2 protein chains.
Amino acid sequence: MGLTKTEIFTDKQNQIAQYAKVLGHPARVAILQYLYKLNACVCGDLVGEIGLAQPTISQHLKELKHLGLIKGNVEGTSVCYCIDADNWKKMKTVMSEFLDQDLNQKDCC
Amino acid sequence: MGLTKTEIFTDKQNQIAQYAKVLGHPARVAILQYLYKLNACVCGDLVGEIGLAQPTISQHLKELKHLGLIKGNVEGTSVCYCIDADNWKKMKTVMSEFLDQDLNQKDCC
DNA sequence: TCTATTTATTGTAATATTACGATTAATGTG
DNA sequence: CACATTAATCGTAATATTACAATAAATAGA
C-alpha cells in the first residue's frame, strides 16, 4: 500500500492530479509566482528569494522541470529559469476544463 | 524535517497549494467529476464507481469535505454527497487568478 | 430489541514527500 | 592549473500519504 493506484483511473484524471500535485506545495507556487513577476529569466537568486536551503530549491525546480512548467538554461556558472509558456498554457487548459464545469445543482441536499 | 515550512510563505501561496494538493490525487478528481456528472446528490454508490476500498473512499471524501469542496448529508443509512457550489467557486477564483497570469515573455532564455 | 445495511474510525504497512548537510559536477576567472 | 562560484546529486531523518482489514457507529426495518 501507500502507492497510488493510477491504473484504475483515466489518463485525464491522472493528468489533472499530476498537475495539481506539483502545484500542491507553497514553495513551488512561490517559485512560479516569482518567475511570473519578473517576467524573464531568473538566474541564481531563487534560493535567496524563497527561504529554503539550496538543495531543497533544486529539488522543487526539478519537479517543476519534470512536468515541463519551467525550463532552465545554463548561463555560465548559474542556471537561468523561466516559465515554459507553451506547457503552462497546456496545463491551464487541462485544469480550466476541470475547474470550469457547469453546475446546475438542480437538486442537491 | 519532512514537514512543509508553511510559515515562510504567504497566506495566498499556502491557500493555492492547499487547494492544489487536494486535487492532486486521481481518486479525488474522479470523485469530483462523478459528482459533477450526476449533477445531484450521490448516495452510496461512490465506492462501486471508483475502484477503491470503502475506507479509502471515506478517507478521500473526508479530505474533500475538510476543504469544503463537497458536503454530505445523512439520508437514512446512507450519506448523500454533492459539490459545495459556493466553495467550489471560491477555489476556482483562487486557482484561476494564479493560472491566468499574463506572460509577456519579453526576454527569456 | 435484533438484524441488516451503510459509513466512519482505528490501526497499520508500504510508499512518497520534504528538508538539508555533505559532496560532487560544471564553469568562469586569475 | 588552482580557485571561487553556483547548481545538482546523494544520503538520510522526519513526516505525510495512500490503501485496506478490522471494527465501531448509526440508522432503518422486521
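Trainee: How many salt bridges does the rule find across the interface of chain B and chain A?

Mentor: This is a predicted model. A salt bridge needs a side-chain nitrogen of Lys or Arg within 4 Å of a carboxyl oxygen of Asp or Glu. Across the interface of chain B and chain A, the number found by this rule is 2.

Trainee: Which residue of chain A forms a salt bridge with B:Asp100?

Mentor: Look at the closest N and O atoms of the pair. They are 4.0 Å apart. The partner of B:Asp100 is A:Lys92.

Trainee: What is the count of nonpolar residues on the side of chain B that touches chain A?

Mentor: Helices H1, H2 and H5 and strands E2 and E3 of chain B each supply at least two residues of that side. By class, 12 of its residues are polar and 8 are charged. The nonpolar count is 28.

Trainee: About how much area do chain B and chain A bury between them?

Mentor: In chain B, 48 residues are in contact with 48 residues of chain A. Carbon and sulfur atoms carry 68% of the buried area. The total is about 4,300 Å².

Trainee: Which residue has a polar side-chain atom 2.6 Å from a base nitrogen of DNA strand D?

Mentor: Start with the 30 residues that surround DNA strand D. B:Arg28 has a side-chain N or O atom 3.2 Å from a phosphate oxygen. B:Thr56 places a polar side-chain atom 3.3 Å from a phosphate oxygen. The residue at 2.6 Å from a base nitrogen is A:Gln54.

Terms used:
Residues numbered from 1 in each chain as written. Chains lettered and ligands numbered in written order. Predicted model: local features only at pLDDT ≥ 70, side-chain atom pairs only at ≥ 80, totals over all residues. Heavy atoms only, no water. Contact = heavy atoms within 4.5 Å. Buried area = accessible area lost by both parts, 1.4 Å probe. Helix = DSSP H or I, 4+ residues; strand = E, 2+ residues; numbered from the N terminus. Nonpolar A, V, L, I, M, F, W, Y, C, P; charged D, E, K, R; others polar. Near = heavy atom within 4 Å. Polar contact = N/O pair within 3.5 Å; in protein donor to acceptor, adjacent residues only side chain to side chain.
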